[in-house]
Amino acid sequence: MLKYTVKRLAQSLVTILLIATIVFLLMRCLPTDYYFTEEQLMKFTEEQKYAALEAAGLTDPIGTQLIHFYNDLLHLDFGTSRRIQNGATVVKVIGKKFGVSMRLGLISAGISLVVGVLMGIIQTAFKDKLLDWIGTAYTVFVNAVPSLVSYSLVLVFGSKYLGFPTLYSTRNVGPSSVLPIVCLSLASIAGYALWTRRYMVDELTRDYIKLARVKGLSSSEIMFKHVLRNAMVPMVQYIPQSILLTVGGSLLMERFFSVPGMGPLLTDAIQRYDLNVVQTLVIFYAVLGIAGVFLGDVLMMVIDPRITLTGKEAAR
Amino acid sequence: MNMNFESRSISRRSFLKASGVVGAASILAACGGSSSSTAASGAASGAPAASADAITDYVSFETANRELETWNFLYSQSASDLNVTTNMWDGLLSFDCYGKVAPAIAKSWEHNDDSTVWTFHLRDDVDWCDVNGEVKSHLTSKDFLVGLEWVLNAFKNEAFNTSMPSETVVGAADYYDLTKDKGDAAADMTYEDMLAAGVGVEAPDDYTLVFTCPSPCPYFDTVVAYNSFYPASEDLIKELGVEGFRACDYTTMWYNGPYLMEEFIQGNTKSFIPNPNYYAANECTRFEHHTVKMISDLSIGLQLYESGEVDNIDLTESNLTTITSDSNNAHNAYLCEKRPTKFSYQMHLNFQRKDENGNLDENWNKAVANYAFRQCFYKGLNLVNYYARTNKINPLKCENDFYTMPGVCYNTKGEEYTTLVAKEMGLDSEAYDGKTMKRLRANNGDISDLKKQAMEELSAIGVTFPVHCYHYIKSGDTNALDTATVLKQCFTDSFGDDFIVLDIGTYVSSLYKEVRNVQLHSILQNGWGADFGDPVNFLGQEVLGDDNAYYAQTTSWIAAVEADPKDYQKDLLERYQEFTDLVNEAKAIVTDTDARYAAFAKAEASMLNNALCIPCLYEVLWCLTHVNEYTKINAMYGPCNYKAVNWETRQGDGYTTEEYEAFAAAFDAASK
């Protein structure tokens with residue numbers, strides 16, 4: 001396990017460095033005009049543009065910029081934002097938003113996991129009956145209808161008939177978080193329900209289930225002790241990743257409800273050519289992704305001791 | 001000429017429902033008046049008492065793509081920043097609700113006979129305070145020297161906001177070059193170095209500031225209202241350091257404006273509370289809380305207004321359709337038409353178009369150089385349906401027949417500048433009738449003779465028809481596509497597809513980078529907002545022989561034509577030269593404002609009669625609102641329009657359509 005961990009960490013570091021370098025170079029491939037807003041392009045003289053680029057270090061040769069970048073990375077100095085919030089450190093910019101996205105994301109992930117898995121179990125238990133059809137209809141609806149439409153429905157229904165605030169507010173965090181969390185949970189509940197049902201239905205056809213029935217185990221014992229546990233094995237691998245990635249926020253949901261989270265930050269930073277923010281976010285998301293996969297592997301081993309990651313027979 | 005604008009209090013009549021034109025006029029008079037000699041402080045244009053049902057916690061909105069990026073007023077050049085920071089930082093001068101310059105920190109000002117030396121007398125009761133409202137230092141004329149030095153220092157302000165002082169203050173450009181040459185060492189330079197370098201500004205005492213202009217500048221008071229001339233505290237710069245001051249935020253900056261920032265959550269909320277040390281606190285009304293909520297876009301705006309989460313909302317075309325198509329809709333009686341925004345939209349013609357391979361598009365370039373062809377655009381293009389995309393109810397309120405935005409300046413008789421242009425063009429007798437465009441009335445939009453003439457003349461030099469006119473929109477923007485499709489239909493209806501066809505192209509990210517700079521467009525629509533209050537700020541952008549003429553250099557590309565004209569462009573250049581000469585003649589008139597504006601009006605009429613540019617649109621939107629827009633500062637330039645002082649508001653129901661019509665009528669009557 002230790003050997004595996006060290007190996008994965010080393011691989012991860014190389015991966016992150018590669019990703020950061022590629023993003024760094026790709027961002028530099030964009031014309032420097034992208035550093036300016038349309039309004040600034042309209043007002044600035046060429047001299048002003050050059051002075052602003054010079055101040056941002058963007059007129060240096062690419063090699064020099066890359067060396068500075070590695071050096072800063074080595075010292076965990078992620079620099080300051082130039083456009084998202086001029087002069088603020090990137091850590092500060094991200095830090096403020098991180099908490100908001102994480103809070104909503106974790107609540108949503110918890111709700112989704114519990115409700116989604118429960119829904120999957122119920123659908124399995126009542127396979128091909130009304131409750132199963134309702135669950136399937138919900139899953140199909142959520143996946144078929146564009147998110148913006150379902151968010152709009154939640155917004156209109158939630159604010160008009162239930163009186164929840166439309167916009168997220170730090171002065172009224174609880175009620176104003178309800179609709180964003182509902183929207184965030186819609187799709188993942190459907191996802192968990194779909195896969196839980198699918199894996200459980202698969203497991204129910206296995207021989208060991210027939211044997212368990214013959215041995216006289218109760219339905220609930222079969223469902224929870226055997227079917228659910230085995231059905232969860234392929235699913236748990238993705239749970240850490242999906243929980244960790246919730247801190248990345250949801251672009252659409254956060255825009256829609258004006259949640260001051262991480263969701264729109266990366267696209268905003270790319271659009272505004274805020275290089276330090278883009279690079280830091282990419283590294284951040286890469287770390288989250290890699291950590292998620294790693295924890296997923298570990299969790300899978302914990303749930304199913306038959307799985308090994310270091311032996312010759314290791315699948316991964 | 002001397003002006004003295006001592007503040008004085010004017011009691012405001014309580015203004016509630018069912019007020020008519022007279023009542024509205026009273027309100028508007030109280031918010032500034034049209035006579036500059038009696039104007040009160042722009043920050044406090046009136047000293048009104050808030051009515052009993054005024055809103056104390058006002059919630060407004062801003063769309064997510066207009067989030068603030070920098071708090072430093074001297075550093076920012078973006079309206080999205082200044083619209084926020086104007087509430088926290090005051091300058092020498094402000095504006096009233098008619099857009100006329102009004103006192104702020106400067107209580108009065110005067111200039112010498114040829115407008116080269118301007119003296120400003122400052123208030124002695126202005127303090128800087130921190131985010132907690134604690135007084136940090138007293139504001140004196142030195143702070144304006146510090147502010148100007150910061151702006152002109154290439155190292156400190158990174159060349160932002162330098163152009164206006166460089167052009168209007170003696171030695172400013174040289175000082176900028178000096179700091180640029182010094183590199184990092186310029187960080188240690190102070191206002192004393194600036195004075196020693198001969199920059200034309202001095203502070204003979206703590207409350208007097210004198211600027212010297214390199215040439216007569218009769219509109220300099222409108223220039224100093226711009227944020228390049230705002231004050232900065234030397235103590236704060238010392239405390240934060242150069243980098244720290246440049247990147248100051250609401251927690252570290254010092255305030256001298258009407259509000260303090262209580263809470264800022266990027267992408268979500270900006271919440272203001274009154275600055276307890278505001279110098280004009282007793283001369284204006286402010287909100288106890290003023291909150292700006294960021295919203296994704298206007299599609300959820302109506303829902304927010306209905307749920308009471310915002311106190312005003314702009315309506316989209318679909319909102320208007322929903323409301324007006326149902327006579328029982330509760331909002332029908334509350335639809336309020338706003339004043340035009342401060343941008344005069346033009347359809348800029350490209351006289352040197354290139355195709356996507358970078359080759360000159362001779363067919364278009366020949367056509368657009370032809371006088372009759374251009375006249376067809378000006379006299380024949382019926383844009384009513386196009387205007388309806390902006391203003392579904394009264395499309396023709398969006399009609400723009402001029403190049404300069406109305407309200408930029410007034411002559412000494414109180415006449416608004418574009419009324420002079422209208423007289424020159426014979427449009428002064430044409431009133432809004434809601435049916436036809438004013439400039440199409442003379443011939444009922446019939447351009448058959450002009451079309452025939454253009455086709456004959458152009459066919460003779462090898463132009464093929466239809467002439468393709470390329471217009472670019474952002475790819476994936478369905479709203480822009482719908483608007484462009486309507487415009488295309490306007491072309492078809494007005495010109496006929498045998499003559500001119502509008503081709504809609506797309507760009508990915510930047511109109512300027514992907515289209516304008518590579519000369520792909522045939523026409524480019526753009527709104528110009530003034531930087532200061534003189535017609536030269538508009539007309540100067542189109543003249544020949546001036547490297548700073550923005551549109552001539554980058555949009556109409558006439559400067560490129562001038563450098564290498566083809567035979568077919570000689571007539572075009574002659575007409576441009578006539579316009580340029582008229583502008584230069586007007587610029588030379590510096591002691592007689594009326595004569596100056598009259599001369600500019602003549603130049604503008606020449607430009608429009610020659611169809612060198614096609615006036616296109618004013619943005620006149622509809623809203624549901626609890627605020628009387630006509631009580632807001634409404635300057636056509638400068639950063640003050642979003643300063644939330646003296647806003648007339650009402651709890652309960654929003655303002656009605658009738659009330660807003662009365663406000664508009666009173667405003668028009670008072671501003672003409």
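Predicted model: local features only at pLDDT ≥ 70, side-chain atom pairs only at ≥ 80, totals over all residues.
The secondary structure of chain B was found to consist of 24 helices and 23 strands.

The overall dimensions of chain B were considered next. Taken along the principal axes, the box filled by its C-alpha atoms comes to roughly 75 × 65 × 45 Å. The radius of gyration of chain B is 25 Å, which agrees with the value near 26 Å that a compact globule would have with 672 residues.

In chain A, the packing of two helices was described in detail, namely helix α9, which spans residues 207-214, and helix α10, which spans residues 219-236. The axes of these helices are 11 Å apart and meet at an angle of about 150 degrees; because angles over 145 degrees count as roughly antiparallel, α9(A) and α10(A) are therefore roughly antiparallel to each other. The crossing of α9(A) and α10(A) is right-handed. On the side of α9(A), the contact is made by A:Ile209, A:Ala212 and A:Arg213, while α10(A) contributes A:Ile222, A:His226 and A:Val227. When the residues in the contact of α9(A) with α10(A) are sorted by class, 4 are nonpolar, 1 is polar and 1 is charged.

How values were computed. Residues numbered from 1 in each chain as written. Chains lettered and ligands numbered in written order. Axes fitted to C-alpha atoms, helices over the stretch in contact; angles between N-to-C directions. Helix = DSSP H or I, 4+ residues; strand = E, 2+ residues; numbered from the N terminus. Parallel < 35°, antiparallel > 145°, perpendicular 65-115°, else oblique. Left-handed = near helix turned anticlockwise from the far one by under 90°. Contact = placed C-beta atoms within 7 Å. Nonpolar A, V, L, I, M, F, W, Y, C, P; charged D, E, K, R; others polar. Rg over C-alpha atoms; globule rule 2.2 N^0.38 Å.
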